[in-house]
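Okay, thanks everyone, I'll keep this short. Let me put the chain up on the screen, and then we'll walk through it together.

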Amino acid sequence: MKVAVDRDLCTGHGRCYSLAPRVFTDDDDGYGQVTGDGTLPDDLAEDAHSGANSCPEQAISVTVGPVEPRRR
Ligand code: SF4
């Protein structure tokens with residue numbers, strides 16, 4: 001599963017990381033970000049969708065399923 005926060009849309013409401021702290025956290029300015037590099041196990045999908053659905057700015061994208069490895 002891949003989860004991403006669009007920093008250009010995020011306004012720092014904090015709903016995502018309050019609701020789903022296993023998936024989201026805050027940066028030094030209070031904006032939402034995904035834990036780690038954004039590649040997370042699918043068993044966190046419910047948390048990811050909960051955070052995404054709570055975001056009033058629709059700044060969160062969730063792609064469930066295998067993640068393609070990055071090509072160099
Ligand atoms: S809920 Fe949305 S706007 Fe608020 S911190 Fe999370 S990503 Fe940003």
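Let's start with helix 2. Its buried residues pack against strand 1, helix 1, strand 2, which is residues 24-26, and strand 4, residues 60-63. Before I go on, keep in mind that this is a predicted model.

So which residues of helix 2 are buried? They're Ala48, Gly51 and Ala52. Looking down the helix axis, those buried residues sit within an arc of 100 degrees, so they line one face of helix 2.

Let me zoom out for a second. The chain has two helices and four strands, and from the N terminus the order goes β-α-β-β-α-β. The C-alpha trace spans about 30 × 25 × 20 Å along its principal axes. For 72 residues you'd expect a compact globule to have a radius of gyration near 11 Å, and the chain comes out at 12 Å, which agrees. Of those 72 residues, 24% count as buried. And if you take the contacts with a separation of 6 or more, 62% of them are between residues 24 or more positions apart.

Now the inside. The largest nonpolar core has 15 residues, and the ones touching the most other members are Val3, Cys16, Val23, Phe24, Ala48 and Ile60. Strand 1, at 2-5, helix 1 and helix 2, at 45-54, each put at least two residues into this core.

Phe24 deserves a stop of its own. What does Phe24 contact, once you skip its neighbours within four places in sequence? The list is Cys16, Tyr17, Gly32, Gln33, Val34, Thr35 and Gly51.

Two of those names come back when we get to the ligand. There are 15 residues around the ligand, and the closest are Cys10, His13, Cys16, Gly32 and Cys55. By type, that shell splits into seven nonpolar, six polar and two charged residues.

Last stop, Ser18. Ser18 is in helix 1, which covers residues 15-19. Is Ser18 buried, exposed or partly exposed? Well, a residue needs 20 or more C-beta neighbours within 10 Å to be buried, and 12 or fewer makes it exposed. Ser18 has 13, so it counts as partly exposed. And how far is Ser18 from Gly32? They're 14 residues apart in sequence, and 9.8 Å apart in space, C-alpha to C-alpha.

That's my tour, happy to take questions.

Definitions and conventions: Residues numbered from 1 in each chain as written. Predicted model: local features only at pLDDT ≥ 70, side-chain atom pairs only at ≥ 80, totals over all residues. Core = buried A, V, L, I, M, F, W, Y, C linked by C-beta atoms within 7 Å. Contact = placed C-beta atoms within 7 Å. Near = placed C-beta within 6 Å. Nonpolar A, V, L, I, M, F, W, Y, C, P; charged D, E, K, R; others polar. Arc of directions from axis to C-beta. Rg over C-alpha atoms; globule rule 2.2 N^0.38 Å.
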